[in-house]
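I want to look at one helix and then at the chain around it.

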Amino acid sequence: MSDDLRELYQEVILDHGKHPRNFHACEDATNEARGNNPLCGDQLVIYLKMGEDGKVADASFVGKGCAISMASASMMTDLLKGRTAEEAQAMFDAFHKMCTGEEEDVDLGEEAEKLRVLSGVREFPTRVKCATLPWHTMVAALEGQDEISTE
Amino acid sequence: MADTAMHSPAAYDVETVRGDFPILSRTMHGKPLAFLDSAASAQKPRAVIDTVRDVYEREYANVHRGLYEISEAVTDRYEGTRETIRDFIGAASTKEIVFTRNATESVNLVAHSFGRNFLEEGDEVVITELEHHANIVPWQMLRDEKGIVLKVAPITDDGELIMSAFEDLLGPRTKLVAVAHMSNVMGTILPVEDIIRRAHAVGAKVLIDGCQSVTHIPIDVQALGCDFFVFSGHKLYGPSGIGLLYGREELLDAMPPFMGGGDMISSVTFEKSTWARLPHKFEAGTPAIAQAIGLGAAIDYVNGLGLAAIGQHEADMLNYATQQLSSFDGLRIIGTAPNKASVVSFVLDYAHPHDIATIIDRAGVAVRAGHHCAQPLMDRMDVPATVRASIGLYTNKSDIDALVGALGDVQEFFG
């Protein structure tokens, strides 16, 4: 089996994919958005609860998707808690650059360094959107949009 | 004609057939290419590739215009293809053979020209749950514009049309029944003879989407009695960019043009234009000339092998694939109708179709994974997506063995 496949499907991704964290709807979310990938029909909903201090108090998601999108959403929702909207946006920007290969060795920040396990998607152009769909959806939720599409 | 002698229908030799398709000798990620995505678009035999090249190298000019030798010659070849297609689907006249870009454009042509002009608010169009988006969305657009009613006939869990429920949807307001001849996702073959008979009994016209069926089943539009029949050239081993609308002459005659421009007119003044005769009334602008001629070569190639022999070979491959896949751990086939052809869709209970497709791609196996432009069907079958392996006239057991072997890699990661 090829090395880039082993790089893509690392144990930590398979674990998040099979047992996603924060995988539930949120009744009292302040921001939520639906993300669609029309290429494959994958859909997910991101829920954010913004605290009075302007930081993410809670983040969760529901949806159906491949191991890459599930793992990405799982790790993202874990990392969002305690961050401001600006910090979340900055994390998205760095993550996006990593996935598209736009910037080699992009600085993800100390806590978000664990996202680097998803960098294997660079070798799979059709799968980049799987990794970034939850993030685009999160940004849409922060901006007050209801729905986004990756196309 | 040499092809006919080489591949007599009595002894279908798939390895010889594979030799006619240059792309099948290449590798993908260093592995022999196992191309199991012909239902999305089929590969092209050398005869088609050579024909297209020959047109451009030797005989290219615009059609229906030039008063010089090569323009007349290419016009003859282009119009000759119309006769090849007429014969292939059993139409009464080449006036009934309209070139389009693809089946999607053909359906849209009918929706715009027939639908806008002959359907009134409250009239009904009946489709089924297993339709491709190309046979759903144009009718929704017509519904939103004209206030027609779109009714959807249900299918069983096996993927078969429920005839009694279909018949219940028919009534005096039914003006059109538009159905796939064969499901692009599940391979189900619909009982179109029965559908056409019942639809005609209430005075409705019938459009058959033949994209998937035309490569496996001999078509005779007059025997079927359908009013419209559509397909795409690229799934029939021809070039992309060329498709077909068959329509009964009296209907096409009554229908106004879909697009205006050159080639579709008889005369033009700033006050008024008059339309060309059939089929040119529906063919505005310079057509896909080399692609049409290439489609003719593809049909000659298929005829040389014989659709009956092709169908038998594909049925053997489908049986083999179904057997091999059914015994695979955690695999469930979506679409188990007794009457089906050339397509096997499946899901694994421990891996998403996209992850499966990515992993088996690295083993040289090309399949489609996703909703196959049939999202309502995915909802009906309660799956987000499927993996679809589809069989063409060149598919052999090694292709299927490669698929099953590569699924072992998926199991290693996810099982």
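Which elements do the buried residues of α6(B) pack against? I looked this up in a predicted model, where local features need pLDDT of at least 70, side-chain atom pairs count only at pLDDT 80 or more, and totals for chains, interfaces and linings use all residues. Residues are numbered from 1 along each chain as its sequence is written, chains are lettered from A in the order in which they are written, and side-chain values use heavy atoms, with hydrogens and water left out.

**Entry: helix α6.** I find the buried residues packing against α5 (103-118), β5 (124-128), β6 (149-153), β7 (174-180) and β8 (205-209) of chain B. Helices are DSSP runs of H or I with at least four residues, strands are E runs of at least two, and both are numbered from the N terminus. α6 covers residues 137-146 of chain B, and its buried residues are P138(B), W139(B) and L142(B). I take buried as under 20% relative accessible area (1.4 Å probe, protein chains only). Down the axis of α6(B), the buried residues fall within an arc of 95°, so they line one face of the helix; the arc uses directions from the helix axis to the C-beta atoms. After α6(B) comes G147(B), with a positive phi near 75°.

**Entry: chain B.** I get 15 helices and 17 strands. The C-alpha atoms fill a box of roughly 70 × 55 × 35 Å along the principal axes. Of the 415 residues, 58% count as buried. For contacts (heavy atoms within 4.5 Å), I note that residues 24 or more positions apart account for 71% of those with a separation of 6 or more.

Terms used: Buried means under 20% relative accessible area, exposed over 50%, partly exposed in between (1.4 Å probe, protein chains only).
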